[in-house]
Amino acid sequence: MGIIKKLPVYAEHVPGGGLVVTSINSVLTMSQAKSLWYLLFGTACCAIELMATGASRYDFDRLGMIFRASPRQADLMIVAGTITKKMAPRVKRLYDQMAQPRYVLAMGGCAIGGGPFYYDSYSVLKGIDLVIPVDVYVPGCPPRPEALLQGCLEVGKKIRTLKLDEWS
Amino acid sequence: MELNGVMTKQELIDHIKAHFPGPLEMIETKQPEPYFIVRPEDLVAFARFIHDDPQLQMNFLMSLAGVDTGQRCEVVYNVCSYPLKHRLLFKILLPRDNAEFDSVLSVWPAANWYEREVWELYGMNVRNHPNLTRFLLTDDWDEGNPMRKGWTGTDFITLPDRG
């Protein structure tokens, strides 16, 4: 009964029976939001902060977030670091390999808009949203782990707004 | 300041000047290693000399970098000796147009990728290099050599002058 008390929004129990009435949409979106497996995409110093967030002090795992080394198993791509123009087609390719629904979190100034390499740089892509759609931007250079956690919770909020017929 | 090598800086300079036949210029620095300017036509001979000489034994090419000062091009070599623990800097000066220099691949095989990098980013041609192909820029790059002074590209944004 504990879970029903905690989740009055999503579930409703039938009196007298061990049954819970809810919508498939709620179950699907909630379970995806609570088990966001993310694709490791650490290319620069933001990856250190991503590792710190994944390690025991901040502990991504308590949000149900486990890193995956394969895009086929990932729901969320955390682009942590500078993306060069040479890397950009590879980012696109990995994004295309992820199963839908898929989300992208741009972490740090470089992934958002080129960051310190915006001026006088011939090699750095000026933001990954030139290549792939981005759902949540987490600014910082690099962002604190708290900011990254907040960003992932924002991704969770966005997932919960998803309707069943939008799944493709 | 001196490096903890077998020979001091002055001994290195004296030895090289006494035994290398070609003309050499020096750059006076406060750094612990001597800094020579070598004529481009002497480059391979000089490299072979400091590599093979038993009192120098410069067997490790630490770095090879291109420079474009705006007036001329340079290639700077940093070498050191593992057995004798001393270091040496030298560079060659090249004209800015049609810069061309010899590969030191026969002396230090490590020069392979460095010379490719100089060829790709600075547009200096490397003679006798077996594999001058693109590997740092994107595969479909067609905007020239980005490390040249005054280079601009399609989405290249120069830092505005903030006074």
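These legends describe close-up views of a predicted model. Residues are numbered from 1 along each chain as its sequence is written, and chains are lettered from A in the order in which they are written. Local features need pLDDT of at least 70, side-chain atom pairs count only at pLDDT 80 or more, totals for chains and interfaces use all residues, and side-chain values use heavy atoms, without hydrogens and water.

**View 1. The interface of chain B and chain A.** Here 9 residues of chain A are in contact with 17 residues of chain B (contact means heavy atoms within 4.5 Å). About 1100 Å² is buried between the two chains, with 61% from carbon and sulfur atoms; buried area is the accessible area (1.4 Å probe) that two parts lose on being put together, summed over both.

**View 2. The salt bridge between Lys85(A) and Asp155(B).** The closest N and O atoms of this pair are 2.9 Å apart. The rule finds 1 salt bridge across the interface (a side-chain nitrogen of Lys or Arg within 4 Å of a carboxyl oxygen of Asp or Glu).

**View 3. The open sheet of chain A.**

**View 4. Strand 5 and strand 6 of chain A.** Residues 76-80 and residues 103-107 pair in the parallel sense over 5 bridges. Leu76(A) stands opposite Tyr103(A) of strand 6.

Notes: Two strands pair if DSSP finds at least two bridges between them. Helices (H or I, at least four residues) and strands (E, at least two) are DSSP runs, numbered from the N terminus.
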